Amino acid sequence: MGIGYLYYTIAPTLPDVQQLREVQLQLPLRIFTAEGDLIAEYGEKRREPVMISEVPDSLKNAIIAAEDQTFYTHPGVAWQGLARAAFYLIKTGRKGPGGSTITMQVARNFFLTNDRTYDRKIREIFLSFKIESELAKDEILELYINKIYLGTRSYGFAAASRVYYGKPISELEVAESAMLAGLPKAPSRYNPIVNPERALIRRDYVLGRMVALNMIDQATYEDARSRQVTARLHSSEPDVEADYVGEMARSRVEQLFGKNWANAGYRVFTSIRSDQQRAANKALRTALYDYERRHGYIGPITRLEEATLADPEALSAALEELSNPGDLVPAAVMSLGDDNTATVRMPNGIEHVLPFEDVEWARQRISIDSRGDEITQVSEVLAVGDVIALQQLEDGSVRFVQEPHVEGAFIALQPDTGEITALVGGYDYYRSKFNRATQARRQPGSTFKPFIYSAALNAGDTTATIYNDAPVVFHDSALEGEWRPSNYSGRFFGPTRLREALVKSRNLVSVRVLREIGIPYAVDYAQRFGFAPGHLPPDLSLALGNASVTPMEMSGAFAVFANGGYKVTPHFIERVEDPRGHVIYSTPKVVFCDDCDPMFANPLASELGTEGGADEPASGAATADDESLAALLDEDATAEESAAASLELKKVQLDTVDAPRVIDERNAYLMTSMMREVVQRGTARRAGEALQRGDLAGKTGTTNNQLDAWFVGYNPEVVAAAWIGSDGLDPLGRGEAGGVAALPMWTTFMADVVTGTPEEEFTPPEGITTVRIDRKTGEPGAGDNTMLELFMEDNMPDEAAIRRAAAARESAEGEAAPMAKSRSEKVEEVEQLF
């Protein structure tokens with residue numbers, strides 16, 4: 001009678017059990033590449049929900065043996081356990097352990113508090129009956145497996161499997177399953193990392209219960225019981241190193257969804273391609289190491305005593321205590337060989353022999369432009385006990401390097417969509433979190449010249465227009481007096497065609513071009529590529545790249561040339577999913593648009609420049625109201641509260657976004673044709689020689705006093721920008737031009753990305769034709785010193801001059817020269833240019 005009265009009194013106040021099917025567990029934010037490789041994980045609690053079908057029998061049996069041996073037969077409450085608890089209360093006068101089934105723990109963890117009161121216990125019992133009547137046993141066990149706290153920030157057995165054993169739950173062995181199953185009773189006391197002895201006792205108890213319940217046989221029991229404690233702390237290791245991208249994504253999610261970003265279990269899939277990101281990391285670091293090797297050796301990281309070298313364990317411990325920025329590995333010099341070599345040992349005990357050829361770079365660095373005498377012996381540089389830095393190469397070998405004291409940035413994107421496929425914001429995120437790819441404003445030097453030349457073509461110049469490469473003095477009040485620009489080489493070359501001036505990066509020609517077309521016109525034109533007017537100086541120094549740009553802006557601007565004239569906005573997020581896999585945000589498809597406003601505000605631009613967090617969600621963003629947000633942040637929130645909060649997440653979706661045409665497609669093609677020659681025979685010819693492809697274009701850049709070195713290049717599939725410089729604006733040193741310092745970074749990346757792939761054609765658009773011109777004058781001509789040049793059909797050389805040149809060829813060849821050419825013939829002639 002009393003129990004029935006209690007039930008009918010309490011039952012109407014019990015929560016809806018069906019909410020358990022919709023419960024949203026607190027989950028960390030995870031960032032992935034486009035292929036699904038993990039980039040980063042953020043959040044205080046580690047949880048990895050699994051379905052019951054993914055849980056191995058050994059773990060299910062271990063949990064039941066440890067927590068609730070009659071789980072599959074009782075109605076939610078084990079009366080024997082309650083009787084034991086009641087007897088303990090009568091005997092001692094205190095509430096004690098016992099009586100809680102797995103179902104009762106689910107009821108308590110999801111719906112109730114942990115208060116040890118009679119009222120809570122009664123509600124827990126009745127709620128357990130209700131749960132059992134509405135959910136299957138495996139559904140209840142699945143909730144328990146995913147919710148329970150198991151120590152070391154791990155919630156749920158799948159997360160605990162990763163934390164303690166570094167493996168997915170499906171790979172747990174019997175001994176490991178028993179160890180984890182023993183944790184719910186007291187996660188701290190039985191933690192196998194903190195208290196391995198107590199954990200071992202608890203594990204063996206669980207194994208004993210399993211054999212007693214015929215869940216395992218005696219042989220399995222003996223084998224599992226003989227296993228040592230192998231648990232250790234495993235961090236959530238990323239599959240791909242892209243920490244700068246991870247922080248960008250975290251900041252974007254916070255902007256979209258507000259304060260619940262860390263616990264709502266969002267899964268962010270970026271546009272980063274795993275192979276390209278790895279290639280970018282390698283390319284940037286190798287370029288920085290090579291830079292350091294060109295400027296001499298600073299000295300060993302530290303020196304170790306002989307006693308430490310003689311003790312392998314002490315040596316490994318000493319090396320592991322040292323920092324290892326980037327991908328560097330500290331190694332101790334163990335001996336110097338009679339064959340002019342050095343034997344070094346890494347923290348893992350592996351030894352490598354460094355030949356003299358790998359050490360001879362290490363002349364003493366006196367200053368950035370001065371090194372000591374050349375060395376002839378390894379012993380002049382290294383001594384036993386020195387700790388040096390090694391770079392591990394892909395083939396397993398190593399090379400002797402040193403931590404770079406300059407920085408770099410690299411970004412690659414798809415020119416047709418603006419999707420960022422690789423991004424590195426610096427040498428090491430944990431050395432400096434400043435993202436140079438998106439935040440560092442530097443002068444671009446000669447990499448800005450293509451935009452000046454494109455403006456000139458738009459204003460009526462041709463690739464054959466002649467400008468005089470000669471000394472000049474400008475009296476410009478904006479430049480505070482006289483200005484005497486010069487070429488990088490210090491030489492002057494006289495009348496020069498526009499194509500040749502860009503290929504050879506002639507500064508004086510660029511200045512004269514800017515003066516000819518007008519500074520206001522050039523500043524206005526450059527904005528078409530995404531440059532803000534406030535970062536473009538309104539004076540002639542703009543011709544030499546005295547602007548303020550980021551590598552992100554440069555890659556987006558060069559994409560206009562690569563895709564035929566359209567402005568695409570760089571972006572890096574493909575979609576955001578909630579814990580159930582529902583897409584709650586996705587990036588719209590980019591659509592080329594010929595008649596759109598070229599200056600419209602692209603909504604994708606909000607993806608960038610949000611690092612450092614946002615105080616308020618973005619306008620129109622998916623978010624929850626305050627009450628629901630509190631539920632999402634509260635680990636002890638009830639199932640009803642949590643489910644209601646999850647329903648507040650609203651889908652943010654744009655189907656398409658326009659990429660407006662900003663320059664004539666013929667202009668883009670002519671600029672690409674000139675920049676292809678930069679790679680083939682100009683300032684970037686080392687890339688052409690190394691890659692042996694005809695579908696590469698780009699431009700080098702160097703600023704005054706070698707403060708910045710750039711190369712931005714592309715083919716039809718990828719645009720990539722490489723930059724090297726000092727955060728403190730220190731000079732890079734004599735000779736560190738873009739083609740020396742930055743170009744190798746780009747070349748290394750492109751070698752990994754395009755090697756083995758077919759060359760992509762830059763197809764000439766309608767309205768482009770070829771005319772044979774004199775190399776010196778740029779006028780139509782015939783004879784040996786001529787070449788085929790590209791022109792827009794509505795901006796051709798003088799028709800009479802073309803006819804005279806054709807007649808001269810006819811006379812010389814003894815046959816008529818056709819004036820009109822088919823499209824296929826034009827394409828064939830264009831290819832002769834490269």
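Colleague: Which residue is the bridge partner of Glu407 in β27?

Modeller: In this predicted model, Glu407 has Gly725 as its bridge partner in β27. The next pairing to look at is that of Gly408, which stands opposite Ile724 in β27.

Colleague: How many bridges join β14 to β27, and how do the two strands run?

Modeller: Strand β14, residues 407–413, is joined to strand β27, residues 719–725, by seven bridges, and the two run antiparallel. On the β26 side, seven bridges join residues 708–714 to β27, again in an antiparallel arrangement, and within that pairing Val712 stands opposite Ala721.

Colleague: Zooming out, what is the strand order in the open sheet?

Modeller: Five strands make up this open sheet, in the order β15-β14-β27-β26-β25, and their pairing is antiparallel. At the edges are β15 (420–424) and β25 (697–702), each of which pairs on one side only. Neighbouring strands in this sheet are turned against each other by 5 degrees on average, with direction ignored.

Colleague: Is β27 enclosed or open, and why?

Modeller: Strand β27 is largely enclosed by the rest of the structure, because seven of its seven residues are buried. In a regular strand, side chains alternate between the two faces of the sheet. For β27 both faces are covered, with Val719, Ala721, Trp723 and Gly725 buried on one side, and Ala720, Ala722 and Ile724 buried on the other.

Colleague: Switching to charges, how many salt bridges does the count come to?

Modeller: The count comes to 41 salt bridges. One of them is between the side chains of Asp57 and Lys60, at 3.5 Å from N to O.

Colleague: Where do Asp57 and Lys60 sit relative to each other in helix α2?

Modeller: Asp57 and Lys60 are three residues apart in helix α2 (residues 57–67), so about one helical turn separates them. An α-helix has 3.6 residues a turn, so residues three or four places apart point the same way.

Colleague: And is each of them buried or exposed?

Modeller: They fall into separate classes: Asp57 counts as exposed, at 53% relative accessibility, whereas Lys60 counts as buried, at 16%.

Colleague: What about Arg203, which residue does it form a salt bridge with?

Modeller: Arg203 forms a salt bridge with Asp204, and their closest N and O atoms are 2.9 Å apart. Arg203 counts as buried, at 2% relative accessibility, and Asp204 also counts as buried, at 17%.

Colleague: Which residue does Asp290 pair with in a salt bridge?

Modeller: Asp290 forms a salt bridge with Arg399, the closest N and O atoms being 2.8 Å apart. This pair links distant parts of the chain, since Asp290 is in helix α12 (residues 274–294) and Arg399 is in strand β13 (residues 398–401), 109 residues apart. Asp290 is partly exposed, with a relative accessible area of 26%, while Arg399 counts as buried, at 15% relative accessibility.

Colleague: Now the rings: how many aromatic pairs does a search of the whole structure find?

Modeller: The search finds 26 aromatic pairs. There is also an aromatic cluster whose members include Phe448, Tyr521, Phe558, Tyr714 and Phe762.

Colleague: Which charged residues lie over the rings of Phe71 and Tyr566?

Modeller: Over the face of Phe71 lies Lys137, at 4.7 Å from the ring centre. Over the ring of Tyr566 sits the charged end of Arg661, 4.2 Å from its centre.

Colleague: Back to helices, how many residues of α8 are buried?

Modeller: Seven of the eight residues of helix α8 (residues 174–181) are buried, and the helix is mostly covered. Among the buried ones are Glu176, Met179 and Leu180. The buried residues of α8 pack against α2, α7 (157–165), α9 (196–212) and α10 (218–225).

Colleague: Last one, where is Ser323, and is it buried or exposed?

Modeller: Ser323 lies in the loop between α14 (312–320) and β7 (328–336), and it counts as exposed, at 60% relative accessibility. Ser323 and Ile301 are 22 residues apart in sequence, and their C-alpha atoms are 9.8 Å apart in space.

Methods. Residues are numbered from 1 along each chain as its sequence is written. This is a predicted model: local features need pLDDT of at least 70, side-chain atom pairs count only at pLDDT 80 or more; totals for chains, interfaces and linings use all residues. Side-chain values use heavy atoms; hydrogens and water are left out. A salt bridge is a side-chain nitrogen of Lys or Arg within 4 Å of a carboxyl oxygen of Asp or Glu. Helices (H or I, at least four residues) and strands (E, at least two) are DSSP runs, numbered from the N terminus. Buried means under 20% relative accessible area, exposed over 50%, partly exposed in between (1.4 Å probe, protein chains only). Contact means heavy atoms within 4.5 Å. Rings of Phe, Tyr and Trp (its six-membered ring) pair if their centres lie within 6.5 Å; planes under 30 degrees apart count as stacked, over 60 as edge-to-face and the rest as tilted. A charge sits over a ring if NZ of Lys or CZ of Arg is within 6 Å of the ring centre and within 35 degrees of the ring normal. Two strands pair if DSSP finds at least two bridges between them. Axes are lines fitted to C-alpha atoms, for helices over the stretch in contact, and angles run from 0 to 180 degrees between N-to-C directions.
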